[in-house]
Amino acid sequence: MHLVAFLHVLGFLSSVWALNTSVVNDFFERNSAPGASKHTNNWAVLVCASRYWFNYRHMANALGMYRTVKRLGIPDSNIILMLADDASCNLRNKFPGSVYANPGRHLDLYGDNIEVDYRGYEVTVENFIRVLTGRVEPSVPRSKRLLSDERSNVFVYMTGHGGNEFLKFQDNEEISAFDIADAFEQMYQKKRYNEIFFMIDTCQANSMYSKFYSPNILATGSSKVGENSYSYANDNDIGVAVIDAFTHYILEYMEGINKTSQMSMQDLFNTYNPDKINSHPGVRSDLFRRPLDQALITDFFGGVAQAEVIPPIEDLGITDDAPPDLGDSLPAPEEATSLVKVSPSLFSHRPSDILSSSNVVDKKRTVQMWGGLCLVGGLAAWAFRKSASRRPNA
């Protein structure tokens, strides 16, 4: 009897999963424009692989990216920040509790609103791989987990000292290009992402994405093989370089991007200037299925999701004779929330089209439900007959 009950529960769960998948796929097929992302949530994994005071700039690199993705809408709950965190309160820091990324110290990147998830000696290759693949201990809190799914766009940023196909972690161990490639493949097999944008700022950075082989990955690096990456500027009061050139110019460009920006990844890559950066940044897009000029920067740096807003048909007084006249029923553009995209398909379908679409979905749900129940019933009957045949005769 326990087996029968288990099979019933299993069949019910599979039916519910099929119905939810059908509804989600129907929504995106109806609303997504050609080349648009089909993600529903954004995550960011930001890694500073260095420690010690003289690597101050690497910590500023990661904190600069952290500030940018938060400003563009990714909440702290969806950001995994791995940081040695030994610069802000270092005895040599003339400005305790602060980290600056430009000479003159106009903006404190550390401030009082920062959440470091992996700090100090927690920043290891093992923990980084575990975060990506989801293979963490049960005791690890949710705030330290990458809880992404097949509808997640994941931005992975890494900075530190590296070389040809490796990046050092705190001068103690190394992660190779093969390690990251295999971790991304595990993520793909486990449906942990929709698209990944990988960015790395280190010497010979472009070698770190040369081994990727999983689909839907876009990658960029600060320097080609055999080439170093350089810092941008020193601060005389702090006494060390405060940020790297590649990251500096990206963050400078990102200051002009807001949550509703329509600038594309191609626009970002077009700003790369080897003369200013003092190295030759690279881009790898052969694994990425969308055209770069149609992939928005906010698809990876922001927290923008799609939504469909359909007012009640009976309240609008519309018929099938003409397209709906919404009038004042929808809010003005300036009143709309910046994190929601109103689907243009609302204006191109008549009420009968919307109702017929929902009827089709209802029919699919009914067929899938009865199919699941019949399957479970058959399995239950088979299991019951099997167990009855094995009972000893009285």
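At 17% relative accessibility, Q204 counts as buried (buried means under 20% relative accessible area, exposed over 50% and partly exposed in between, using a 1.4 Å probe and protein chains only). Q204 has a positive phi of about 55 degrees, even though it isn't a glycine. You'll find Q204 in the loop between β8 (195-201) and β9 (217-221); helices (H or I, at least four residues) and strands (E, at least two) are DSSP runs, numbered from the N terminus.

Q170 is another residue other than glycine with a positive phi, near 55 degrees. Its place is the loop between β6 (166-169) and β7 (173-176), and at 7% relative accessibility Q170 is buried.

## What you're looking at

This is a predicted model, where local features need pLDDT of at least 70 and side-chain atom pairs count only at pLDDT 80 or more, while totals for chains, interfaces and linings use all residues. Residues are numbered from 1 along each chain as its sequence is written, and side-chain values use heavy atoms, leaving out hydrogens and water.

The protein chain has 10 helices and 14 strands. Of its 394 residues, 47% are buried. Now take the contacts (heavy atoms within 4.5 Å) between residues at least 6 apart in sequence: 75% of them join residues at least 24 apart.

## Salt bridges across the chain

How many salt bridges are there? The count comes to 14, taking a salt bridge as a side-chain nitrogen of Lys or Arg within 4 Å of a carboxyl oxygen of Asp or Glu. One of them joins the side chains of D244 and R57, at 3.0 Å from N to O. D244 lies in strand β11 (residues 241-244) and R57 in helix α2 (residues 56-71), so this pair ties together parts that are 187 residues apart in sequence. D244 is buried, at 4% relative accessibility, and R57 is buried too, at 16%.

R105 pairs up with D235, their closest N and O atoms being 2.8 Å apart. R105 is in the loop between β2 (79-83) and β3 (118-119), and D235 is in the loop between β10 (231-234) and β11, so the pair ties together parts 130 residues apart in sequence. R105 is partly exposed at 23%, whereas D235 is buried at 4%. Both belong to a network of salt bridges that links K94, R105, D235 and D237.

## Inside helix α3

E126 and R130 also form a salt bridge, with the closest N and O atoms 2.9 Å apart. They sit four residues apart in helix α3 (residues 125-133), which puts about one helical turn between them. R130 is partly exposed, at 28% relative accessibility.

The buried residues of α3 include V125, F128, V131, L132 and T133. Just after the helix, G134 takes a positive phi of about 80 degrees.

## Two helices side by side

How do α2 and α5 pack? Helix α5 (residues 245-254) packs against α2 at an angle of about 20 degrees, with the axes 10 Å apart; axes are lines fitted to C-alpha atoms over the stretch in contact, and angles run from 0 to 180 degrees between N-to-C directions. That makes α2 roughly parallel to α5 (under 35 degrees; over 145 is roughly antiparallel, 65 to 115 roughly perpendicular and the rest oblique).

On the α2 side, N61, G64, M65, T68 and R71 meet T247, I250, L251 and M254 in α5.
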